[in-house]
Every structure is written in C-alpha cells, then in structure tokens.
Amino acid sequence: MKISFGEPTLPKSGAVIVGVLEDKTLSPAAADLDRRTGGALNRAIASSRFTGKKDEVLAVLAPANLQLSRVVLAGLGKPSAIDAAQMQGLGGTLIAHLNGAGESEAAVLLDDLSGAMAASEAAANLAYGARLRAYRFDRYRTKEKPEAKPTLQRLAFLSSGSGAAKRSFQQLEKIAEGVFFTRDLVSEPANIIYPETLAEKARSLSSMGVEVEILDEKKMKKLGMGSLLGVAQGSARPPRLVVMHWKGDAKGKNGAPVAICGKGVTFDTGGISIKPAAGMEDMKWDMGGAGVVIGLMKALAGRKAKANVVGLAGLVENMPSGTAQRPGDIVTSMSGQTIEVLNTDAEGRLVLADVLWYCQDRFKPRLMIDLATLTGAIIVALGHEHAGLFSNNDELAERLLAAGKEVGEKLWRMPLADAYDRDIDSDAADVKNIGGGRDAGSITAAQFLQRFVNKVPWAHLDIAGTTWSKKDAPTVPKGATAFGVRLLDRFIAQHYES
Ligand code: BES
Ligand code: MN
Ligand code: ZN
C-alpha cells in the first residue's frame, strides 16, 4: 500500500473519506460533498444509526454525477477530544473497512477544524494507524487467492500543510518499521527462528549504526551464566546473548544508558516438566520480549533517537532431551546465587536472572526494564487488555503507565513485597524457581527476577497476555502485536532524549 500526502482537492476516482463531528455535524469537506451530491450524505446519515461519534464509519455509494466509487463518513466525535491515538485508531479502522469493501484507491480529505489538532498532524497519525493495521505476515502463503488479499493499493491524505504531514509521518514510519520487525520475528516458527538465527537478525541492525555484540556459549560459560545455560542445555540449538547498543546521544555519550532486556525463549516445550500438547505451538512466541527489544532498537536507530540505550536479549530453546536439566537440579547463576530448579517450565526467569545481572554489572544503567512472556498467571489476572507491570521504583512505574496509556499499550501495576519473596526461599539452595503453590504466580516470578536486581531502578513487564492477539484491533491485526515497542519508544522519547 502506497501512502501519499497532498493539498486538498476532490479526487477523480476511488473512495473519498471525510469526517463528521458529533451530532451529525458535517466537516467542511463533508458539507461540500453533500452539496455536490444533492444532499445524499445527510440523507444517508438520517436513515442510519451513524451520528458522528468517534470511530463510527458509514459508507455511501457515490451518486453518478461524481466519478467516485464511494464516500466514507468517518466519525470524529468532539473536536477538542481528538488526539493522536484516536486518529491512529481511525486510520486502522478505515483501511480495514476499505479492504473489506474491495477498494483499490482512496483519499482522505481533512479540514483544519477549530479546537482540534492541525489537519496535517491528524493526517500523519491517520496514515501511521493505517500503516500499522495493514501489516501482514504472509511469506509462507504460496497459494493465496487474489480475492483473499488486501485490495487497497493507494491511500492519499489531502490537507493543508501536507509537507509537514509527510515529514511527521516519515518519523512515525520508523517506529512502524521497528514494530514490523518485531511482528515478523515473533510470527516466524521455531524451525526458522532459533537462538543463532535470531541473533543474526539482531546483527542486521549494525547497518543502521547499532553496535551489536553476540555472546556464544563459551563466553557465557566463562561469565558463569549457569542459570541461562541450564535452560539451554537440553537443546541441540546453542544459546546466544545479544547486546545491542544505540549511542544516539552525542553529548551524553558517556552517561549511563537506559537498559532494556528481553526473554528470548525461541521455543518453550517446558523441558522435562513438559507442557501439554494442546496449544504448545503458541510457544514459538515465547521470544516475544527479545523480539520487542530488537524491534525497539530498530525504531530508535531508524528515527535517530538522541538517546543512549542498550538492549539485551537472552536467547535459548527450552527442550527435553537426554542432556536437559532435571527438576531438582541446582545451578549457580552469574550473581553467585544458587537456584533450585523445581520446574523446568519456569525457564524464562532463569534466563533473565543472568541477563539482568550481566546488564547491571557491565553497563551500570540508569534504569533497567525487562520484557518477558513470563507467566500464564498474568493472563489469568489481566487477560489480554493489560500487561503486568512490576517495579521497585514509583517514578519509573508512573512513567511507564503514562506512556502505555498514550500509545494504547496499557499496563497494570502489580505488587512486589517481602511476603511473596519468602515463597521462593529454597530448602536446598538460595532460591527456588517456583513458588510454593500456584497462588500469585506472576508475582512470585517477578520476585524471583528481583533477586537478581541490585539498587538500580527496575521494571518488569509480563507480556504473556499481550504479545499475541487472536482478534483484530484498530492498529494491530491479529497475530504478533509487538506490544512494548511503541510504549518504550514513547517512554524514551519523553524522558531520555536530549
Ligand atoms: N512461557 C511460559 C508462560 C506463558 C504461558 C506465556 C502461556 C504465554 C502463554 C512460561 O515459561 C511458563 O511456562 N510459565 C509457567 C510457570 C510455572 C511453571 C510456575 C506457567 O505460567 O505455567
Ligand atoms: Mn515455560
Ligand atoms: Zn516460557
């Protein structure tokens, strides 16, 4: 789909989209089309339930005097309430509608409405939302029928200040490219994406100026990463630890970086504590946290963010085999703490224990955030609407909650407390990798991670419920969501860019 920007003029073909404000108030562009069609738009509104509330859509087949295919009315609601997120959602909803209708060409006519954001800014955000929704992972569909494919080829946004709209979109598109990189990586099956190949995907970012370093098994052994390596030892695929450093802040170059760590279990069978067969295929996306870190680095490098950010991804495959670790095994982590592995399916925390420790030890970051598809229990608690947020620092938590709200990747804060921490004390080692029972499973997992975090401000995002979606949302088609890329990009832009 080709997206373009231009000054307002009535197109000669295809679909035209115009806005309607609440209470059936036509925007100037809509009123003009209503006049040209002898009042067809007002009549269509009168005979429908469309009132111009935000996100409502009403399609009207264009009368013969216009050479257009159809006029689509888009509800804008209250002008003063229009914001970037609303425009992104509408952009996504519109292209889904246009593809459903079989349109190949469409133009959105935007006015500068008093009390609302500038039309050029609205245009850029509509385009961004459309781009995000248009994502497809179709590289393995070799026989898809043409009628099953999206039809929309060209989408134009016509407003005053179209040059500014285009420039603004070009920045947003860099974030979309990061989102798509993540969605691609998460969608790939585990026979294609495994630690070595995922590390190579990350390495490709070096062409954009990201410094990429890949630690192999030998290096990790030398560093004493017994916790991560214990998970990896059952697999024929050797583990990797990827370090990606974006030094976009020339002045603050030597200052402490923001650090983002991701769980990258390229497939989670559960190991010897094996998972049931039904639904196990989902565990190809157990590298979702690592996928977000890699896509985020691409977004930051793409828009040349003036920030110092280091991204780490711990990559392993969790398999049962003759060399796999057993329940009851005791491993020694890089921190020196010993871990009793009572359930080999609680492997993500074992991987992150060494990644977090290594990260704070080597980079002395100003703050550290990890993302992980860590627990099924977070889905029981929050479903697929919010990711779980755990933090030892209120300011960091507030900043993340706010950024999540703004981009529509919502977080919900969960507690950490000593009483939960006692639940992971082991009789045989310093700590055990599961709690005593099934209660508070996401919290005990977070408590485990916290044992490997020193004084640094830290937040853990449990994204098990939000990494993959079974239904379409305005800017996120079903499948891999890349939940976290937009959130962390915004978080960094707001607070850590000079
Ligand atoms: N990767 C899973 C968590 C998960 C489950 C993610 C469902 C997405 C959907 C994780 O490694 C795991 O297996 N966790 C166990 C922990 C338990 C053994 C304490 C779980 O949640 O059941
Ligand atoms: Mn597991
Ligand atoms: Zn897992």
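Tutor: Let us begin with contact, which means heavy atoms within 4.5 Å. This is a predicted model, in which local features need pLDDT of at least 70 and side-chain atom pairs count only at pLDDT 80 or more, while totals for chains, interfaces and linings use all residues. Residues are numbered from 1 along each chain as its sequence is written, ligands are numbered from 1 in the order in which they are written, and side-chain values use heavy atoms, without hydrogens and water.

Student: Which residues does F491 touch, not counting residues up to four places away in sequence?

Tutor: F491 touches L367, I369, L396, R399, L400, A403 and Y496.

Student: How many residues has the largest nonpolar core?

Tutor: A nonpolar core is a set of buried Ala, Val, Leu, Ile, Met, Phe, Trp, Tyr and Cys residues joined through side-chain atoms within 4.5 Å, where buried means under 20% relative accessible area with a 1.4 Å probe, protein chains only. Here the largest has 92 residues, and F157, M244, I369, L400 and F491 have the most contacts inside it. Another core, of 41 residues, lies apart from it, with V331 and I339 among them.

Student: Which residues are closest to ligand 1?

Tutor: A residue counts as near if one of its heavy atoms lies within 4 Å. Of the 17 residues that surround ligand 1, the closest are K275, D286, D345, E347 and G376. A polar contact is a pair of N or O atoms within 3.5 Å, and an oxygen atom of ligand 1 is 2.8 Å from an N or O atom in the side chain of E347, while a nitrogen atom of ligand 1 is 3.3 Å from a polar backbone atom of T373.

Notes
A polar contact is a pair of N or O atoms within 3.5 Å; within protein, one must be able to donate a hydrogen and the other to accept it, and residues adjacent in sequence count only if both atoms are side-chain atoms. Buried means under 20% relative accessible area, exposed over 50%, partly exposed in between (1.4 Å probe, protein chains only).
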